[in-house]
Amino acid sequence: MTNNLLTVKDLTMRFGGLLAVNGVDLEVKEKQIVSVIGPNGAGKTTVFNCVSGFYIPTAGSVEFRGKELRGKPGHLIAREGMVRTFQNVRLFKEMTVIENLLVAQHMHAEHNLLKGFFMTPGFRKNEQEMMDRAAHWLERVGLLEFANREAGNLAYGQQRRLEIARCMVTEPKLLMLDEPAAGLNPNETKALDELIVQLRDEQGISILLIEHDMGLVMGISDQIYVVNQGEPLAAGTPAEIQANPDVIKAYLGEE
Amino acid sequence: MSRVTSAFVAALITLVLGGFLLGMSLTSEGINLVVETSTTGKMTVLFVGVVLVFLLQLFREQVGSFTSKMRSDERMELPSFLRTSQQQRMWTMFVIAGLVLFPFISSRGAVDIATLTLIYVMLGLGLNVVVGLAGLLDLGYVGFYAVGAYSYALLNMYFGVSFWVALPIAGGLAALFGFLLGFPVLRLRGDYLAIVTLGFGEIIRILLNNWTELTGGPNGIARIPKPTFFGLEFNRRPSEEGATTFHDFFGIGYSSEYKVMFLYLMALVLVLITLYVIRRLIRMPIGRAWEALREDEIACRSLGLNPTTIKLGAFTIGASFAGFAGSFFAARQGFISPESFTFIESAIILAIVVLGGMGSQLGVILAAIAMTVLPELAREFDEYRMLLFGLMMVLMMIWRPQGLLPMKRPHLELKRD
């Protein structure tokens, strides 16, 4: 069990009388791309919100790198190295692209006010490091030329990429992507596909992915979990999932 | 509705509303009040106004196309000769030098107004942190101003603390109050936050008004000493045995103008410090976090930023500037009472921030000047001040909703390797 990065057990989320998620298990190992799929309204995003600390799950456990994180607030979970994106892009729209990336490095930033007022060498060095890291990731996602553009003025696909870059500058261990391909054209989806694989292979991080684009999911996932109406339906490799009659039934209905 | 009818209706509405406001007046006759029609002068104003409204409505499209042309150049850019940072620095130096020389070449009255303006600049800059940068609508900012003013007045009255010692304490106490207010309002946003902060400002004022044993209640506190210049007083005669006055020390004749100049220069120094500190804050992680929080709190949390500490930071730092301004205000006036800290003050400071352009420092300075100097210049229109104030706000919202000088995003150079 030691090489499990994230272990979610028996996760349950109840909103009043509505049982949104019931007994979902997830396991993400190091350097793995794991996908969560399911029909609309199946509770995938709720699982994400529970794991990343935006909801407090009713029951179950969320263990990340050997630490129990259930019920911890979102910003502390992010500091543990688990960072997420959102289904509807959430950038700081009126700030520039580079500022978005600087804000994201807040937890690595120099917070001593006096050092900042007098611009000590340590403070300057810290700022420069943050700028360099931001520049590095902007180049990786092909947005370097837009560095001083306001984030809200970028095209939709660029905003998606910026959101991923913004997560990456925090140097996470686990990146959680909530429908990253939604609204992208086929070319952009292909580029995203390559980027995600690169993140795993070159940066050595794990990725937990919610996605509807089956081509993307089946192509890159190491492990897939299927959720249907809040209940876990199946788990396995892409090949296993594609052959699973329950999954086919959930997606296409019975004959 | 045709254009002529709509213009006619608009003119009629103006006539009815204006007729009551301008055309009639109440005069006392014995013990009774009687309604009288106003002087012909006011009637002319009313008539001109009605005609103006009629014409504006009639030629609305032409006027509209003109204003939309004005609106098309969305951002007022600074003149191009200020582009390089070196030239910018030179101009800044030039302006500061001019401001330092100002009291020596102008009248006492002008210096007095300038000092008042500087106080509002400071308040505007401080509130700009909370409202403009962190996006937390604070309608009770005057509460912190009051805390600062009363801190100095009370410390001096009971413990004889001098201005220079009281200044940091006043800032600290205001910051503490900002921090304390921050806690209950952490979960609130928008309108709800505005209401609670409004209440807070009123609580402070009412407390000062009613705690008569400590604060003197509505009578206020009088005879608050002026700041000293390294221990030198600006009075004609030393206030106590052994003290030296400014003119004696330098062997010059007594003039009450020295005091006015000194207060102006002090306010200028305080404003320059405030400007520098906030300018630095904006370029530091905490300043960026404030803006990020204004943009999207959920995204902030997902990136490991703690909204609680960031909000408390904004409230605390913003309040401390009001504290400094407050203690300076108390020292300058020599007399303070709860009357000076009514809601209208909060509204004026907020108007300065909105008028100047949220988050923009230069804009706030310009707006503070406009909001304090214009009413002084137009003293004869005193009665219509609120009317003009409202008109200005409405026009601003139509033509420049982003403020006089909207905040410009800092351009950050990336070193390519």
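Visitor: In which hand does α5(B) cross α16(B)?

Guide: The crossing is right-handed. Keep in mind that this is a predicted model. Helix α5 spans residues 108-133 of chain B, and helix α16 spans residues 361-377 of chain B. Their axes come within 8 Å and cross at roughly 140°.

Visitor: Which residues of α5(B) meet α16(B)?

Guide: Among them are I113(B), L116(B), Y120(B) and G124(B). On the α16(B) side, look for residues including V364(B), A368(B), M371(B) and E376(B). By class, the residues of this contact are twelve nonpolar, five polar and one charged.

Visitor: How many residues does each chain bring to the contact between chains A and B?

Guide: Chain B gives 22 residues and chain A gives 31. On the chain B side, α11 (257-282), α12 (285-295) and α13 (297-302) each supply at least two. The largest share, six residues, comes from α12(B). The chain B side has eleven nonpolar, four polar and seven charged residues.

Visitor: Is strand β1 of chain B largely buried or in the open?

Guide: In a regular strand, side chains alternate between the two faces of the sheet. Strand β1 covers residues 24-29 of chain B. Zero of its six residues are buried, so β1(B) lies largely in the open.

Visitor: What does β1(B) pair with?

Guide: Strand β2, residues 32-37 of chain B. The two run antiparallel, joined by six bridges. L26(B) stands opposite V35(B). Two residues lie between the strands of this hairpin, and G30(B) takes a positive phi near 70°.

How values were computed: Residues numbered from 1 in each chain as written. Chains lettered and ligands numbered in written order. Predicted model: local features only at pLDDT ≥ 70, side-chain atom pairs only at ≥ 80, totals over all residues. Axes fitted to C-alpha atoms, helices over the stretch in contact; angles between N-to-C directions. Helix = DSSP H or I, 4+ residues; strand = E, 2+ residues; numbered from the N terminus. Left-handed = near helix turned anticlockwise from the far one by under 90°. Contact = placed C-beta atoms within 7 Å. Nonpolar A, V, L, I, M, F, W, Y, C, P; charged D, E, K, R; others polar. Buried ≥ 20, exposed ≤ 12 C-beta atoms within 10 Å, placed from the backbone. Pairing = 2+ DSSP bridges.
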